[in-house]
Amino acid sequence: MTTASPTPPRKHFSMIREFHLADVFTLGNAACGVGGVFLAMAFMASQSLAQFLWAAALAPAAFIFDVFDGRIARWRQTQSALGRELDSLADIISFGVAPAALGFAAGLNGGWDCMLLIYFVCCGVSRLARYNVTAEALSEGANKVKYFEGTPIPTSVVLVGVLAYAAWQGHIGNALWGGAWVVGPWQLHPLTLMFALSGTLMISKTLRIPKF
């Protein structure tokens, strides 16, 4: 009569032990995004320009982490489904939620502004989900996809750059470029339309961006 082999003991932090070097860079991306959200909230309480600019600076820092995690994964041949999902979750924080939070802190806080910022984040979530389920088909057997359908979500770094420049010039809060319009029951700042445009381009299926 054979006896069942004993169950191997569980190791502490077993999930973390399975992370690759690329995943560490991905978590650096997520950390930058969370830091950006925190600094945006801190700016609303203190109105310290330095905190706003530091929040904006974390967006390109997150972008650098995002670029390197992909390069390291290909270099070390450690690409995995877990890594792809981890990357998408980090991206939605750093390039979706954080830019929207910074826009709200900058003064894009009217009713229509909030709707458009929510639309932008939802487009980002949809864009990343579609990429995850179509990446294998788009790669056609290669190590990476040949093109993006719609603009990649890290392009929102441009929006953060616009907000940072506006803050540096003193054009946030009540001095936002374009002023404010009252449309029906809510207020709209025209500057929020750049978030709406960015979100729409992300979910476009006909727009193809080559991936280098």
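Visitor: What makes a stretch of the chain a helix or a strand here?
Guide: Helices are DSSP runs of H or I with at least four residues, and strands are runs of E with at least two. In this predicted model, the protein has 7 helices and 4 strands.

Visitor: In what order do these elements run from the N terminus?
Guide: The order is α-α-α-α-α-β-α-β-β-α-β.

Visitor: How much of the protein counts as buried?
Guide: The share is 42% of the 212 residues. Buried means under 20% relative accessible area.

Visitor: What part of the accessible surface belongs to carbon and sulfur atoms?
Guide: Those atoms hold 68% of about 12,200 Å².

Visitor: Which share of the contacts with a separation of 6 or more joins residues 24 or more positions apart?
Guide: That share is 76% in the protein.

Visitor: How many disulfides are there?
Guide: The count is 0. For Cys122, the nearest cysteine sulfur is that of Cys123, 7.3 Å away.

Visitor: What makes Cys122 buried, partly exposed or exposed?
Guide: Cys122 has 44% relative accessibility. Exposed means over 50%, and buried means under 20%. The value lies in between, so Cys122 counts as partly exposed.

Conventions: Residues numbered from 1 in each chain as written. Predicted model: local features only at pLDDT ≥ 70, side-chain atom pairs only at ≥ 80, totals over all residues. Heavy atoms only, no water. Buried < 20%, exposed > 50% of the residue type's maximum accessible area, 1.4 Å probe, protein only. Contact = heavy atoms within 4.5 Å. Areas by Shrake-Rupley, 256 points an atom, 1.4 Å probe, with all protein chains shown as cover. Disulfide = S-S within 2.5 Å.
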